[in-house]
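This report concerns the structure shown below.

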Amino acid sequence: MMQPVLEVRNVSKSFPGVKALDNVSFHINKGEVVGLIGENGAGKSSLLKVLNGIYQPDEGKVLVDGREIIITSPRHAFDSGIAMVFQEQSILPTLTVAENIFLGREEEFLRFGLISKSRMNAAAAEELKKVHLSTHPAMRCADLSFADRQMIEIAKALSLDSRIKTDVTILLDEPTSVLEQKEIELLFRIIGDLKQRASIVFISHRLEEVLEISDRVYVMRDGQIVQELAAKDATVKELHQHMVGRQLHHEYYREARQATPSAKTVLECVDLNRDGAFSNISFELHEGEVLGIAGVIGSGREDLARCLAGHTFPDGGNLLVNGTAVHFGAAYDATAKGVGLVPSERKVEGLVAPFSVAENMTLAALPKFVSGGIISFSAEKAVAADWVSRLKIKTPSTATSAGSLSGGNQQKVVLAKWRIAGVRVLILDHPTRGIDVGSKEDVYELVRDMTAEGLAVILLGDTLDEVIGLSNRILVMRDGEITARFEAPPGGKPTQVELVRHMV
Amino acid sequence: MTQEQRTRLQTWLPLIVLAVLILIVGIYDPRFFSASNFLSVTADTMTLFLMASGVTLVIMMGGIDLSVQAVASMASCILAAYLQQLGFLAIPLAVLGGALAGFIGGLASTKFRIPSFIATLAVSGVVISAGNWFSQTRSVNIPGDLSATYLDWAIGEALGVPNEIWVGAAFLVIMSAVLGLTPFGRLVRGIGAQERAVIASGINVDRTKIAAFTLSGTMAGVAGVVMAARLGSGSPTLANEFLLPAIACIVVGGTAITGGVGSIWRTFVGALIVQVVRIGMTFMGVSVFAQQIVFGFILVAAVAVTMDRAKVLVIK
Amino acid sequence: MKPVSVSNGNLLGHWRRWAPVVVLLALCILISLFNGNFLTFGNFIRLLNSAAIPIVLCMGATFIILMGSIDLSIEGVVALTAVIVSLLVINDISPYALSLWAVPIAVAVGGMMGLLNGVLHIKLKTPSFMTTLGVGFAGVGVATTILGGTTVRISDQTFRFLSLGRVLEIPMAVWIAAVAVAVAYVIQERTRLGRWLYAIGTDEMTARHAGIPIERTRILIFGIAGLFYGLGGVLAAAQFGQGHALISQGRLFTTITAVVVGGTALSGGVGSVINSVIGVFIVVVLANGLVLMGVEPYVQQGVQGLLIIAAVALALDRSRLDVVK
Amino acid sequence: MASKKTETVNVNARLNRRTILKGAAALGVFGSSFPMPAIAQETTWTLANSMRSVANPYHASFAKGGADFAKSIGATYETLATEGNSEKGVSDIRALLQRTGGKLILNVDPNDSPDARVIVEEVKKAGGFVVTQWNKPDDLHPWDFDPNYVAHMSFDGVPTAEAIANELFKAFGGEGGIVALGGILSNVPAIERKLGLDNAIAKTNGKVTLLDFQPADWNEQKAFDITQAWLTRFGDQVKGVFAANDGMGMGALEALRQNGLAGKVPVVGIDGIDAAVTAIEAGEFAGTVAWDPIWTGGMGLAIPYAHATGKIDIIKEPREHREFYGTGIIVSKDTVADYKNNPPKVDYNDLWSKATGQIQYRS
């Protein structure tokens, strides 16, 4: 068979207590798209870090075009033809598009030690064409949308193949998790053209996407590659089983447990609008209801969510909680009225990483644990322990720093925080972004638990599927306005196609 | 060495550094080891510690308070100016003045969203003017009988230990409790570690910040009162050249200037380290010309040892 | 002036990026209302004269602050270089008479001090705040030791020309400051170091992944800053015709204030040397104005403080800094 | 008189602390089992000068004077610098007293007048001898701390400033406006010198007017900027510049030079630093006052040493030998040559040669 572009042979990597990679072998051929899936903690990111030169393997070797190389740094990986598109965005808002694309590689534009901006911008424009992005290279990335930055990230990786001799391998780590349908389709088109020039490793939690785009799929579990299969004759269910290593005991979105909301309205918007974000938004949210909001980036649904939680302020219209008009001047006003937000940027807004699990859980309800001005640590510990068991949070103890937990467990801590705070309305902004299938199911389970207890949930799903599966009702937004409303009772769910029609 | 052992050692490092420094000086000149000397060295450290203890909170939030020196001076002026008429009341009044100054600094920094570095620097200008006003730009003498009546709690003596030390110890306990046991203290840590997450959790962060600055001003006020008591007078320049040493104490103690990690006792030890280095140089007869140089490099070396890098990702 | 602040394109943002200039103009108008002499050519020259040294110092400080670090060694480095340069030109203590050749030497010494800052900061992994504080102490200490506390007087007129000389009516020091600004601007905009320090100031981890040599860059930037302080020391010596350890007293906080008033964020990544030039003029004009307006001496510091708060509140572009420390 | 009573109160308070410390000191005995380094063997007196900072010319010479005297009698000598931090100054002195076991002769220029009382009390407690200079509270007197508080020497800022101000007036013809740079507002010398200036101006009954007074905090740089602003505000109304010390004077002079006015607009300062003297020769300074810090630095040790070694009994000395003014030498255009040719000499045996009367307290 042909020479693999990139090959990993019997690589192992251990850390105190864990074996992150256990004798992993893996290869990718020229022009091939290989999917790499696995739950968080399965070893995907460790493998990427090895390929990216952040980790050095304890055993085994990495070969590029059949030659063994020791990758010393992300930069070295890049120069050896391995480009990585990070899950955490590596685009710097303070620099221009061009400067970001060529960050650390300015030498080719140096003239007498000075950077020629004109040449740099020209070269950047070339790269932007490849991702069908029309933004001006001299623009500051701070002024760009999240999705555009993601595209620039990819352009940065692509800039490699016009610059080095060896074949290029591009590692895409969760590239779609922040993209909306439209951009995803674009991305897939790009990957299509890329196949002539490069090989791609595609990492995602969205199994259907993986199957759609990949030729082969590797499944990782517990630091090992447990399965290698051809995409064309594999199914999502199959992949899923290999990942979690068990049968799906019951159906994914727990539609069976979908509660019928009570008539009681807990939150109501009347002609709510915020200049440049959304306008005349009106809806009612009932006790025990999951209200899904679908829409592409820029549809204004994120702005709406943050506005409802008091992070930003409406310019007009009314917001009513339990029938009384409220004006949220800040997040703490919303919390006081029983409205909480599970933010999409978990690491930044969701958690205080150095804080312990317990400290994070009680953060929004601290006064409840204070007697005589002093925090009652015993009470705090007890409550935290209770929620750790209720939400099946995998943590050594309630004193462990939350930052050290896996994404899924971190998200559960955030949810526990709001449950302890006793909110009645919880807004979930991409609650399952970047967390593994196992934890996703747990989160869905939790959503059902909450509604069963009468909480109302507003859901900005990570995928359309999710929105459809979980919601009682669905609002579709486009350009800051509500373009459609769907009832989504169990059995009578609208299809993706129906929604997309109103989204774009 | 396991992670736990390393972290456990990490917490003791400031004390170890202090012990080593004391040993070095003491072995060079045994008279340093006399109990009376330890007592006076510690007593001399307390004003510095009192001032630094408040700033510690602000630094743990990731901010900084550059107004404490001016605030302490102003407090000394208020005390000296009103002790005659008001008696004991002059003490809370002086401390209150400090609190107010801190409050204004916090207000400016949060409401106008000005970096605390500049906000407090600017406020100290205002405070200096205030100090000049209270003292009529003179240094105001505190008559001995008044100081004996009203300020003995600060400069007198109990159980063979100078009262400065009792005062310092009391505030060491109080401030540690505030930081370690109260919701306020936890929020201070939280803001230093990840402010946005604290905001998103529905906490009134501005209120917490202002409270921290106010507390910092209050402690500067207390330091100013004790200083005035010790020197028997108040003056608008009384606490000059205290600011940088105070911040040095905090950092030498191992509290991260970037916020999030730290504690009051670390500042206490840091203050002792700074003092022992200074006094040690006098004991070892280091030339006055060399002292600044030695002092500078020992500070850097001490921080290099005591700083808890495990919890600080990027060192700026 | 090149707009520096990254604004989100809305009107406020656009206004913000020019705010420092607006504040400066407003201040000038205010003062000239009190005292017409403010708007005379003579005073213009005097303002430039007072601004020259702070501007040179700010060029260095801005780079450090853009990296998200801080530099408290300014006074120490300026004192040391001022003393050294005064001893190398014709003076009343040492036999040397290198005249202008002394300048590169002194500037180089400044660079060395800067490198020392950087190396200690990076190799010992100590916060720049503490490292530079220590090196600053040491700098003043060495300066004091060299002179044994006395003052060295400069009788070298060629050297004094650096401050006293006039070209086209403009003092030499101002021309030198202008060149310093030009150099700093080119470094910031057109060299890799310049771009990299923005990257580091914005997100060091990402910069590291992009293959930027973080350690080397940080050390070099501290070194470059040191060069500017060294030049500042030279100008100070030339201005006062003497060198002594206290020549730089009070330079530190005025410099940093100017940088921040100009709109550069202490958190790093946002700002520019051009902002700092504006910042210096705001501070200098303010000090000059308080005397011109005859503000009561002992409230001056207070008024200055309040006006600084006002200036920063208006000038600082916080459109992107969601949390202000 | 009230202050007496208060002192006794304080002294008692100190006494009881002291006795207890004595008890505690017993613990310190184990120290003696350590090998004692040479300098630790204090058989004779250790001499020390304490001042703000060795980085300024005045105090540098002050320290030199101390060193010279110590050399002349072959004693160990130390210089202490407060670096402007009162607490540091006091605790350094404590440390030195501790180290020398009280056998310390101290000549101190306190950082701020309040410090003097604490320092004196500490020295008395330890049984050393101290002379203070310049700064002390008015109600603190050597004779209240016999014999340890040997003397306080100062220079009367008021007549000095008045005299030098008159030199300035002379230089520009005695008619017109002047500007004045003051020291840190609350410093005693700054206050006295301002007072002296005001007196001088008053005596010209209207001929000389004070256009503006600004405190430049003894800082050359501030003086420079303020003077520049004055030139804008008053232009050629400025006939002369009065600076409360030479450092600020030099700043002002350079500002004038920048505007081509050096030598045209006379400047006066106080302290008599070399730079000022040279400026006088160059006709740019109208005058300064030389304190002869070598003398104060040495004599502040010589007097207590004489007492400690039994040459004199300070308690028997008259009050004008306990609290006295030194002599400042007015250096002006006419006297500068003479001043340079025969610089002031110091005779450590003639202790009060330059004392000019007992200190007077105003207000």
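## Contacts between chains

How many residues of chain C are in contact with chain A? In this predicted model, the number is 19, and they meet 19 residues of chain A. Two elements of chain C, α8 (192–202) and α9 (204–209), each give two or more residues to the side that touches chain A. The largest share comes from α8(C), with five residues. By residue class, this side of chain C holds six nonpolar, eight polar and five charged residues.

Five pairs of chains are in contact, and of these chains B and D share the most contacts. Chain A and chain D, by contrast, are joined by no contact, and their closest C-alpha atoms lie 36 Å apart.

## Helix α7 of chain C

Helix α7 of chain C runs over residues 172–190. Its 19 residues reach 27 Å from the first C-alpha to the last, close to the 27 Å expected at 1.5 Å a residue. Buried in α7(C) are Ala173(C), Ile176(C), Ala177(C), Ala180(C), Ala184(C) and Gln188(C). These residues lie on the same side of α7(C) because they cover an arc of only 110 degrees around the axis. In an α-helix there are 3.6 residues a turn, so residues three or four places apart point the same way.

The other side of α7(C) carries the exposed residues Val179(C) and Ala182(C). The buried residues of α7(C) are covered by elements of chain C that include α2 (41–66), α6 (157–164), β3 (170–171), α8, α10 (214–240) and α12.

## Crossing of α11 and α12 in chain C

Helix α12 of chain C (residues 273–292) also takes part in a crossing with helix α11 of chain C (residues 251–261). The two axes come within 7 Å and cross at roughly 120 degrees, and the crossing of α11(C) and α12(C) is right-handed.

On the α11(C) side, the residues that meet α12(C) are Thr254(C), Thr257(C), Ala258(C), Val259(C) and Val261(C). Their counterparts in α12(C) are Ser276(C), Gly279(C), Val280(C), Ile282(C) and Val283(C). The residues of this contact comprise six nonpolar and four polar, with no charged.

## Helix α8 of chain B

Helix α8 of chain B spans residues 163–181, 19 residues in number. From first C-alpha to last, α8(B) reaches 26 Å, close to the 27 Å expected at 1.5 Å a residue. The buried residues here are Asn163(B), Glu164(B), Val167(B), Gly168(B), Phe171(B), Met175(B), Val178(B) and Leu179(B). Since they cover an arc of only 135 degrees around the axis, they fall on the same side of α8(B). Ala170(B) and Val173(B), on the other side of α8(B), are exposed.

## Chain D

Chain D contains eleven helices and twelve strands. Of its 363 residues, 59% count as buried. Among the contacts in chain D with a separation of 6 or more, 74% are between residues 24 or more positions apart.

## Local backbone features

Most residues other than glycine have a negative phi, and most peptide bonds are trans. Which bond in chain D is cis? The peptide bond joining Asp146(D) and Pro147(D) is cis, with omega about -10 degrees. Pro147(D) belongs to the loop between β4 (129–133) and β5 (149–154) of chain D.

In chain B, Gln136(B) has a positive phi, near 50 degrees, although this residue is not glycine. Gln136(B) sits in the loop between α5 (116–135) and β1 (140–141) of chain B, and counts as partly exposed because 13 C-beta neighbours lie inside 10 Å. Glu241(B), also not a glycine, has a positive phi of about 65 degrees. The loop between β4 (233–234) and α11 (243–252) of chain B holds Glu241(B), which counts as partly exposed with 19 C-beta neighbours inside 10 Å.

## A loop residue of chain A

Ser406(A) is located in the loop between α13 (377–390) and α14 (407–421) of chain A. With 18 other C-beta atoms within 10 Å, Ser406(A) is partly exposed. Ser406(A) and Asp222(A) are 184 residues apart in sequence, while their C-alpha atoms are 14 Å apart in space.

Key. Residues are numbered from 1 along each chain as its sequence is written. Chains are lettered from A and ligands numbered from 1 in the order in which they are written. This is a predicted model: local features need pLDDT of at least 70, side-chain atom pairs count only at pLDDT 80 or more; totals for chains, interfaces and linings use all residues. Helices (H or I, at least four residues) and strands (E, at least two) are DSSP runs, numbered from the N terminus. The expected span of a helix is 1.5 Å times one less than its number of residues. A residue is buried if 20 or more other C-beta atoms lie within 10 Å of its own, exposed if 12 or fewer, and partly exposed in between; C-beta atoms are placed from the backbone. The arc is that of the directions from the helix axis to the C-beta atoms. Two residues are in contact if their C-beta atoms, placed from the backbone, lie within 7 Å. Ala, Val, Leu, Ile, Met, Phe, Trp, Tyr, Cys and Pro count as nonpolar, Asp, Glu, Lys and Arg as charged, and the others, Gly among them, as polar. Axes are lines fitted to C-alpha atoms, for helices over the stretch in contact, and angles run from 0 to 180 degrees between N-to-C directions. A crossing is left-handed if the near helix is turned anticlockwise from the far one by less than a right angle, and right-handed if clockwise.
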